[in-house]
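Please look over the model shown below before reading the notes.

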Amino acid sequence: MQPFRFIQCGDLHLGAPFHYLKSIGKSVDQAVALATYRSFEAIVDWAIEERVQAFLITGDAYNSKDHNLEAQVRFVRAVERLAEARIPVYMVQGNHDPAESWRAQITLPENVHVFSSKQVQRFPLMVNNLEIGGIYGMSCGEGNETTNFAKQYKAFESDDFSIAVMHGTVGAATENSEVKINTSVGPCNVSDLTEAAMDYWAIGHIHKRQIVNEEPYVVYAGNPQGLHKKERGPKGAYLVSVSNNGHCELEFKETCAIRFERATIDISSLKNEADMMEMIRHKKDMLRNNLKKPVLLEIVLTGTGALHRLCAQEDVRQMWLADSQEEDKGRSVFIMPYVIVDETSPAIDLEERRKLSDMVGDYLSAYDETIHHDVTNIRAILAERPEFKRLGRYADFLSDEVLSRAARRAEIEGVTKLMGANDED
């Protein structure tokens, strides 16, 4: 068999906004607006540089059914560059850009092969003008499909090498966003994939990069650009090299234009605000030197120390945030904090206080009986409140993380107030 190479990417979400990120400054806002496009362009550059024989897109090229015209124009320009390099593109449509929603406002170049949503379709896998196998795929037709697409795939016995392209969920559904919703699409199991006799499964939909199986390879490349704080770290695409005996070697390359990162600061050794600002600068400089690319940074304050009371004040944290943001405005390689989260604790042994029969002990006992960080219980309590019912669809934004943080804050603030830690009568 002729050896060959291909690129696997997916979940481009071109033109997608960064969830829950407020405007920070002109240069940062512009970089954010272009991030998904820049990431895809970097993958295209890589494919042309490596002279690959195929370019696979595993769904969700766009972010929504009503994808904007700019996203379409930028996508077509990118794949036209691949056409000039004689690199064919094979793509399925995902739940965010299902087949029913595509509009022929801009014609795709002839090198782009979009798989049908009606049935599994096969395109010949060509290497040096020889057909060595097939590339199989099936697009999502109507968004969040519940059909097991994988059962419809079956490789030709004559194939030297078979590649399956799919947008779906292998195994248990994975949470893709901060809002806890079931986004399972095309649910299937590894056994469904192995029965299809494919040599390689290129899967999209789950934004976390992972190799689910190796014989055959079942691979999620993840999304090439993180879209919110849970999508931290390097994001990119895979270059897959297939040898003459069918052995696959995978190389990951980071292509994201902006990284989401988290920095933790233990306040135990910090004595005043100057120490805090210096520690924030230190964390930023470490990221700037190590990553050498723009970063959107979540800062989490932990531990126990003299600054706990200040850390617990929202207005104080907002002041620290604004000062730190100002330092990086105008930088092309910015390390821009977008939130400072307080997870510090007062100098109180809560477990020992629980054992005492006083007002603080009674408060903690009542807390344990009703809440004690049980998110399910918290949601049940909230559901009975008339205020919660008025939230409507905005209630979806109360993620487990938000509720757990609120419960922890209630525990600590209740104790500190009862103990007079805020100097109140």
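Two strands are said to pair if DSSP finds at least two bridges between them. Helices (H or I, at least four residues) and strands (E, at least two) are DSSP runs, numbered from the N terminus. This is a predicted model, in which local features need pLDDT of at least 70, side-chain atom pairs count only at pLDDT 80 or more, and totals for chains, interfaces and linings use all residues. Residues are numbered from 1 along each chain as its sequence is written, and side-chain values use heavy atoms, with hydrogens and water left out.

**Overall**

- The chain holds 11 helices and 15 strands.
- Its C-alpha trace spans about 85 × 45 × 40 Å along the principal axes.
- Of the 425 residues in the chain, 48% are buried; buried means under 20% relative accessible area, exposed over 50%, and partly exposed in between (1.4 Å probe, protein chains only).
- A contact means heavy atoms within 4.5 Å. Among contacts between residues at least 6 apart in sequence, 70% join residues at least 24 apart.

**Sheet with S5 and S9 at its edges**

- Six strands form an open sheet of mixed pairing, in the order S5-S6-S7-S8-S10-S9.
- Strand S5 (121-127) and strand S9 (210-214) are the edge strands, and each pairs on one side only.
- On average, neighbouring strands of this sheet are turned by 20° against each other, direction ignored. Axes are lines fitted to C-alpha atoms, for helices over the stretch in contact, and angles run from 0 to 180 degrees between N-to-C directions.
- Strand S8 (residues 200-204) and strand S10 (residues 217-220) run parallel and are joined by 4 bridges. Ile203 stands opposite Tyr220 in S10.
- The loop between S9 and S10 contains Pro216. The peptide bond joining Glu215 and Pro216 is cis, with omega about 0°.

**Sheet with S4 and S12 at its edges**

- Another open sheet has 6 strands in the order S4-S3-S2-S1-S11-S12, again with mixed pairing.
- Strand S4 (112-114) and S12 stand at the edges with a single partner strand each, so one side of each has no neighbour in the sheet.
- Here too, neighbouring strands are turned by 20° against each other on average, direction ignored.
- Strand S3 (residues 89-91) runs parallel to S4, and 3 bridges join them. Met91 has Val114 in S4 as its bridge partner.
- Helix H2 (residues 69-84) packs on this sheet and touches strand S2 (54-57), S3 and S4. The direction of H2 makes about 135° with that of S3.
- Strand S11 (residues 236-242) and strand S12 (residues 248-254) pair antiparallel over 7 bridges. Tyr238 has Phe252 in S12 as its bridge partner.
- S11 and S12 form a hairpin with 5 residues between them, and Gly246 in the turn has a positive phi of about 90°.

**Helix H1**

- Helix H1 (residues 26-50) has 25 residues and reaches 35 Å from its first C-alpha to its last, close to the 36 Å expected. The expected span is 1.5 Å times one less than the number of residues.
- H1 bends by about 50° at Ala35; the bend at a residue is the angle between axes fitted to the seven residues ending there and the seven starting there.
- Arg51 follows H1 and has a positive phi, near 55°.

**Single residues in loops**

- Gln119 lies in the loop between S4 and S5 and is exposed, with a relative accessible area of 53%. Leaving aside neighbours within four places in sequence, Gln119 is in contact with Gly137, Met138 and Gln152.
- Asn128, in the loop between S5 and strand S6 (130-137), has a positive phi of about 50° although it is not a glycine. Asn128 counts as exposed at 54% relative accessibility.
- Lys292, in the loop between helix H4 (273-291) and strand S14 (295-304), also has a positive phi, near 55°. The relative accessible area of Lys292 is 63%, so this residue is exposed.

**Confidence**

- pLDDT is the predictor's confidence in each residue, from 0 to 100. The chain averages a pLDDT of 88, and 91% of the residues score at least 70.
- Over residues 173-182 the pLDDT is below 50, and this stretch has 23 contacts in the model beyond near neighbours in sequence.
- Residues 421-425 stay under 50 in pLDDT, and the model has 7 contacts for them beyond four places in sequence.
- Where pLDDT is low, the predicted coordinates should not be read in detail.
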